[in-house]
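Please look through the sequence and the structure shown here before reading on.

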Amino acid sequence: MTRYGPMYGPDITFLGVPPCTVEEPVTYADADVVIIGAPFGGGTSHRPGTRFGPSAIRQACYLPHDGSRPSLALRVDGLKDLCVYDAGDVEMFSGDIERSLAALETAVHAVAAAGAIPVVLGGDHSIALPDATGVARHHGLGRVSLVHFDAHADTGDVEFGSLHGHGQPMRRLIESGAVRGDRFLQIGLRGYWPGPDTLAWMAEQRMRSYEMTEIVARGLDTCLTEAFGIATDECEGVFLSVDVDVVDPGMAPGTGTPEPGGFTSRQLLDAVRRVCYELPVVGLDVVEVAPPYDHADITAYLGNRVVLEALSAIARRRRDAETGTPWNPTQPLLDGR
């Protein structure tokens, strides 16, 4: 089967990693990670443009696209120490959300079933439903917890007459049984949505949602440590979903539903590093990068670095498991050279 490649723009892989084709498992049989593009914007409720997110995230780097990125902090090369492929984009027609989400779930499940970690580049947040479901189908429904960075809870019910959209995937995941409500950790919520009825539903599911006021009062590290303890209880793996609007729009303007008062870029990168270093991550997505509103590619660069931070931390976690020597974040950069 011919590689589909991208829906929008040239066929560029993530920073030059080798290409593969989802429908041909032999092309990624040795993969640790497979990157999948989900260029879907049909679930947005406000400003459109996320269909161009995968292409922007793949390209957003001033360094050569040579399939190598040594991390100064973690002393590993996430693109070399792991075997990483890019499967291109899934065909996702914005006019048919159910067909598009089903196609993405099939692709994600195929990658997970092959023993690799699917890394999905969005696209709006409606893709979290097929992403986490595809992973859970392989590892076991209800056996994968979800760590969710976002300004919004995304637990709406029927919006604009539809069960699917970027404000509803987390409710659909819990209702379907793919993810347990009491193993659902949301970090960075703020603003003026959702309303009391939806919050009551979330409480009934025993979700744990860390709003920014609590995070500021208790400290981000404290909240993350608490969330990690919940995420690893009775679950074999963790799915990480990162909506870039968790970051303050002053640092991530290229998104459809900006909400002031969020994380700094540094806080998000540090948090993603902790998740992927300390937890058994079996899948992740980065969503809601909307290039039409992205001054100077700020948000695309952040999305790119979120992926790199995750891959570097996964590589470091595996190295430390093999050597028995844990990463020391206080070690000076040039120590031992």
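**Briefing on selected features**

L334, at 63% relative accessibility, counts as exposed, where exposed means over 50% relative accessible area, buried means under 20%, and partly exposed lies in between (1.4 Å probe, protein chains only). The model is a predicted one, in which local features need pLDDT of at least 70 and side-chain atom pairs count only at pLDDT 80 or more, while totals for chains, interfaces and linings use all residues. Residues are numbered from 1 along each chain as its sequence is written, and side-chain values use heavy atoms, with hydrogens and water left out.

**The surface patch**

- L334 is placed in the segment after helix 9, where helices (H or I, at least four residues) and strands (E, at least two) are DSSP runs numbered from the N terminus.
- Together with L72 and L333, L334 makes a nonpolar surface patch of about 330 Å².
- Patches are made of residues with over 30% relative accessible area and no salt bridge, and they join like charges within 9 Å and nonpolar side chains (Val, Leu, Ile, Met, Phe, Trp, Tyr) within 5 Å.
- A salt bridge here is a side-chain nitrogen of Lys or Arg within 4 Å of a carboxyl oxygen of Asp or Glu, and accessible areas come from the Shrake-Rupley method with a 1.4 Å probe, for which only the protein chains shown count as cover for residues.

- D320 is found in helix 9, which covers residues 298-323, and D320 counts as buried because its relative accessibility is 9%.
- Not counting residues up to four places away in sequence, D320 touches Y277, T325, P326 and W327, where contact means heavy atoms within 4.5 Å.
- R316 is also found in helix 9 and is buried, with a relative accessible area of 10%.
- The contacts of R316, leaving aside neighbours within four places in sequence, include L74, R75 and V76, and Y277, T325 and W327 are among them too.

**Strands and their pairing**

- Strand 2 (residues 84-89) is largely enclosed by the rest of the structure, because six of its six residues are buried.
- Strand 1 (residues 33-38) pairs with strand 2 in the parallel sense over four bridges, and two strands pair if DSSP finds at least two bridges between them.
- Within this pairing, G37 stands opposite D89 in strand 2.
- Strand 1, helix 1 (residues 53-59) and strand 2 make a right-handed β-α-β unit, where right-handed means that, with the strands pointing away from the viewer, the path from the first strand over the helix to the second runs clockwise.
- Strand 8 (residues 281-287) is likewise largely enclosed by the rest of the structure, because seven of its seven residues are buried.
- Strand 8 runs parallel to strand 3, to which three bridges join it, and it also pairs in the parallel sense with strand 7 (residues 237-243) over six bridges.

**Backbone geometry**

- Most residues other than glycine have a negative phi, and most peptide bonds are trans.
- D154 has a positive phi of about 55 degrees although it is not a glycine, and D154 counts as buried at 4% relative accessibility.
- R206, also not a glycine, has a positive phi of about 65 degrees, and R206 is exposed, with a relative accessible area of 59%.
- The peptide bond from G122 to G123 is cis, with omega near 15 degrees, and a cis peptide bond with omega of about 5 degrees joins W193 and P194.
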